[in-house]
Amino acid sequence: MSAAARRGLLEALAVVLWLALISGCTAAREPAGAPTRSDGTLKPMGAGLYFTGEPQPGFDAIDHSVVGGAWADFEPLPGEFSGPGWDRVDAALRERPDHAFRLRILAGRMAPEWATELGGGCVEIEAPSSQIAACVPRFWTDEFLAAYERLMAEVARRYDDDPRILDVVNSACTTTWAEPFIRSGHNPAANKALWDAGLNPESDQACLERSVEIMDAAFTSTRISLATHGVWQLVVGPDGAPSGMQPSWAKQRALLEQLRSRYGAKLVLQNNGLGGDEGCSDGGPLAGTSPMWCWMASLPPPKGFQTEGGLKLRARGFVVHDAVRRAVDMGACFVEHDEFGDDPAAAAEFDLQLKANCPEPP
């Protein structure tokens, strides 16, 4: 057997063992009659183009937006659900009566200071691409997740019955942005700090499972949105890899498939970094890109993307419409960005194509 074949066999065995492990870990917590939410209680799937900021003047065909902000703006002190975050959401609902919304409340480095101390002091890390330095909470601890559960209960109290808040983003187990499979990249010091504080593959897995369970229990009719990444940046400690991090798409895929199997169409999956030259073509990922794209292409709705930022797209010779075309080809329901070019008619056509990818069942 060749070396490449042996590596492939070992990877396959590792994933089988991982699936057995996570199945055993989750069985005890699985809700009775785990819902697929096919009974009509869920709000419609979000579909079309989404503004991540203020709507562009003249782009009236776009009728979806993202609202929210830092957790610190929603709960500045424990149990005090006050501050400008709620006002922003309510203003958007009032001022954009024809829009539907995704609610994204950022935890991680955007958590209030009191929450960063739960379960122990915050942990110094650095984002892998932007090098943003932050002291992030120990999000995998029971104390932190209990606080997140209280926040989600308040969000549900206010908005679960509002037909225009279609889904709420799960940002519980995050560091820099609302992307729970990104940690601190190949940064030995940051990964060691996370490891020493208690983050490892088991506690990371448990955090993701528990946070989705929390949100499923909180929301009766509102969907839950979870962001994927090209790999899961599993913190394995200084003895596991030189960087202290072992990337794995296979283990992320196994977890996502388990969560989708359990929660069905209540769980919206999206990726937050689609570029103009990324995606899936003829059943295979475009050259040099992650197999995640073809998995996303094969995934049933609801699913979608946020594109790379405008500066990054332009630096690589693309515009936002290049990324939107990739999303449409992968069967996406929605695409998020802060603006959609200078042609309202072209944006309106993309909006229609995305909505056609994911029609509501009769």
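Which element gives the most to the lining of the largest pocket, and with how many residues?

A: Strand E2 gives the most, with 4 residues in the lining of the largest pocket. This is a predicted model: local features need pLDDT of at least 70, side-chain atom pairs count only at pLDDT 80 or more, and totals for chains, interfaces and linings use all residues. Residues are numbered from 1 along each chain as its sequence is written, and side-chain values use heavy atoms, with hydrogens and water left out.

Two or more lining residues come from each of strands E2 (64-70), E3 (100-106), E10 (267-274) and E13 (303-307), and from helix H8 (292-298). Helices (H or I, at least four residues) and strands (E, at least two) are DSSP runs, numbered from the N terminus. By class, the lining has 11 nonpolar, 18 polar and 5 charged residues. Nonpolar means Ala, Val, Leu, Ile, Met, Phe, Trp, Tyr, Cys and Pro; charged means Asp, Glu, Lys and Arg; the others, Gly among them, are polar.

Pro-302 sits in the loop between H8 and E13. A cis peptide bond joins Pro-302 to Pro-301, with omega about 5°. Most peptide bonds are trans.

Another loop deserves a glance. Gln-131 lies between strands E4 (123-126) and E5 (133-136). Gln-131 is not a glycine, yet its phi is positive, near 60°. Most residues other than glycine have a negative phi.

Now a helix pair. H10 (residues 320-329) and H11 (residues 344-357) pack at about 20°, with axes 10 Å apart. H10 is therefore roughly parallel to H11 (an angle under 35 degrees). Axes are fitted to C-alpha atoms over the stretch in contact, and angles run from 0 to 180 degrees between N-to-C directions. H10 contributes His-321, Val-324, Arg-325 and Val-328 to the contact (heavy atoms within 4.5 Å). From H11 come Ala-346, Ala-347, Phe-350, Gln-353, Leu-354 and Asn-357. This contact of H10 with H11 has 6 nonpolar, 3 polar and 1 charged residues.

Definitions and conventions
Parallel < 35°, antiparallel > 145°, perpendicular 65-115°, else oblique.
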